[in-house]
Amino acid sequence: MRVEAAIGQQNAHLREARQMSLTQLGQAVGRYLGKSWSRQAVHQAERGRRAFTAAELAAVALALDTSIPALFLTDAQPVELPGATVSAEDYRAILLYAGDDVPLDGVEELIVALHDIAEVVSRPTLARLAKIGRIAEQVATAPPASSQDDHQSGVA
């Protein structure tokens, strides 16, 4: 997969998770670039049919309320750069800060896990299950209906 396609897929995923239309994302990006992207420009970017400048990556990350490295996340496929194809593992490794003061043991796994958690939490089904859970708690803590009926009819 080309790096532009990887960024585009992640861009589309994040936009959909935030329930933004192509037009809304284009307008949000425009607030940071000084000129909105058209619906078609956003669509082309999400299909991997355009390269990104540094300013555009920053604007997209800000518009989607995420980080620039998060825009680069992809599945386990190798990523094609202009001069070489990079393994998925090496590709993910370049997304990490490798400074002397940052231990790398487990950091990559943590980033992937956090990405997976964010994906699950953004699903509408999870929100519905949480609502069902709250209703079930209310039902479980409510007094039994039969004791209310007995009290109202004078039965002790």
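Q: Arg15 and Glu46: buried or exposed?
A: Arg15 is buried, and Glu46 is buried too. Buried means under 20% relative accessible area, exposed over 50%, partly exposed in between, with a 1.4 Å probe and protein chains only. Arg15 has 9% relative accessibility.

Q: Is this predicted or what, and which cut-offs apply?
A: This is a predicted model: local features need pLDDT of at least 70, side-chain atom pairs count only at pLDDT 80 or more, and totals for chains, interfaces and linings use all residues. Residues are numbered from 1 along each chain as its sequence is written, and side-chain values use heavy atoms, with hydrogens and water left out.

Q: OK. What does Arg15 form with Glu46?
A: A salt bridge, with the closest N and O atoms 2.6 Å apart. The pair links distant parts of the chain: Arg15 sits in helix H1, Glu46 in helix H3, 31 residues apart. A salt bridge here is a side-chain nitrogen of Lys or Arg within 4 Å of a carboxyl oxygen of Asp or Glu. Helices (H or I, at least four residues) and strands (E, at least two) are DSSP runs, numbered from the N terminus.

Q: Why would such side chains pair at all?
A: Side chains of opposite charge can pair when their charged atoms come close.

Q: What else is Arg15 in contact with, leaving aside neighbours within four places in sequence?
A: Besides Glu46, the list holds Met20, Ser21, Leu22, Leu25 and Leu64. Contact means heavy atoms within 4.5 Å.

Q: How many salt bridges does the structure hold?
A: Four. One of them joins Arg2 and Glu4, with the closest N and O atoms 3.2 Å apart. Arg2 is partly exposed at 40% relative accessible area, while Glu4 counts as buried at 18%.

Q: And what about Glu56, which partner does it have?
A: Glu56 forms a salt bridge with Arg50, again with a closest N and O distance of 3.2 Å. Salt bridges that share partners also join Arg15, Glu16 and Glu46 into one network.

Q: Where is Glu56 found?
A: In helix H4. Glu56 counts as buried because its relative accessibility is 11%. Arg50 is partly exposed at 24%.

Q: Which backbone atom does the Glu56 side chain reach?
A: The backbone nitrogen of Thr53, at 2.9 Å. Not counting residues up to four places away in sequence, Glu56 touches Leu33, Trp37, Arg50 and Ala51.

Q: Switching to H2. Which residues of H2 are buried?
A: Leu22, Leu25, Gly26, Ala28, Val29 and Gly30. Their cover includes helix H1 (3-17), helix H3 (39-46) and helix H4 (54-63).

Q: What span should H2 have?
A: 16 Å for its twelve residues (22-33), and the end C-alpha atoms are 16 Å apart, which agrees. The expected span is 1.5 Å times one less than the number of residues.

Q: What follows H2?
A: Gly34, with a positive phi near 90 degrees.

Q: Zoom out. What does the secondary structure of the chain come to?
A: Nine helices and two strands. From the N terminus the order is α-α-α-α-α-β-β-α-α-α-α.

Q: How much of the chain counts as buried?
A: 29% of its 156 residues. The chain exposes about 10,300 Å², and carbon and sulfur atoms supply 57% of that. Accessible areas come from the Shrake-Rupley method with a 1.4 Å probe; for residues, only the protein chains shown count as cover.

Methods. Polar contact = N/O pair within 3.5 Å; in protein donor to acceptor, adjacent residues only side chain to side chain.
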